[in-house]
Amino acid sequence: MKLPIVVYPNKRLKEISKEVTEFDASLHKFLDDMYDTMIESNGLGLAAIQVDVAIRVLILSIPDEEGEQSYDELLEVINPVLSNMTGTIVYQEGCLSVPTFYEDIERYEKLTLTYFDRHGKKNVIEAEGLLSVAIQHEIDHLNGKLFIEKLPYGRRKKFEKEYKKLQKQKTRS
Ligand code: Y12
Ligand code: CO
């Protein structure tokens, strides 16, 4: 079931999400709904707060070399912790909660992610490149941060002006 996506500047996106303690059927149903929401919205990643649930859950579906997203490659990440961050990478990021806008953002190039899966099993993976960028983008959501907050002052001002203009156009049509 596709869930409604919370869109900037909704204040809910600023909330700090809480740790998951129960790895039960209701969490599994919620993860399935998050997947439907992300795929039907053409997303690569989604955090729970983007569908108005403030828990430390995110999902990622990074396309393969052919640009295909497969359910087998889906990463369900619960209570994530980052370590061993090294290097820098600049990537043009987008977000389903900030529709239509893509901005160059600097992130760590490589990192280690420790997390729990839907059954409460602990996993540790190494990530680099696009996966590393996407993990950092989604963990920022769990801490109430959006990628646009990383923009320098001038670019942020320009973004706010263009975003407001676009919202006005949308309400008129
Ligand atoms: C690299 C950088 C950031 C991420 C985080 C996940 N971001 C997304 O999944 C963004 C999706 C997105 C989808 C949009 O919709 C379409 O393309 C149809 C979009 O454009 C509009 O809403 C008009 C903007 C963002 C992952 C990897
Ligand atoms: Co986002």
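Throughout these legends, Ala, Val, Leu, Ile, Met, Phe, Trp, Tyr, Cys and Pro count as nonpolar, Asp, Glu, Lys and Arg as charged, and the others, Gly among them, as polar. The model is predicted, so that local features need pLDDT of at least 70 and side-chain atom pairs count only at pLDDT 80 or more, whereas totals for chains, interfaces and linings use all residues. Residues are numbered from 1 along each chain as its sequence is written, and ligands are numbered from 1 in the order in which they are written, while side-chain values use heavy atoms, with hydrogens and water left out.

**View 1. The shell around ligand 1.** Ligand 1 is surrounded by 18 residues, each with a heavy atom within 4 Å of it, and the closest are Gly43, Leu44, Gly94, Tyr102 and Glu138. By class, the shell holds nine nonpolar, seven polar and two charged residues. Helix H2 (129-142), a DSSP run of type H or I with at least four residues, gives the most to this shell, namely five residues.

**View 2. Polar backbone atoms beside ligand 1.** Among the pairs of N or O atoms within 3.5 Å, a backbone N or O atom of Leu44 lies 2.6 Å from an oxygen atom of the ligand, and a polar backbone atom of Gly45 is 3.3 Å from a ligand oxygen atom. A nitrogen atom of ligand 1 lies 3.0 Å from a backbone N or O atom of Gly94.

View 3. Strands E6 (residues 110-116) and E7 (residues 122-128), DSSP runs of at least two residues, pair in the antiparallel sense over seven bridges, where pairing requires at least two. Leu111 stands opposite Ala127 in E7, and Gly120, in the turn, has a positive phi of about 85°.

How values were computed
Polar contact = N/O pair within 3.5 Å; in protein donor to acceptor, adjacent residues only side chain to side chain.
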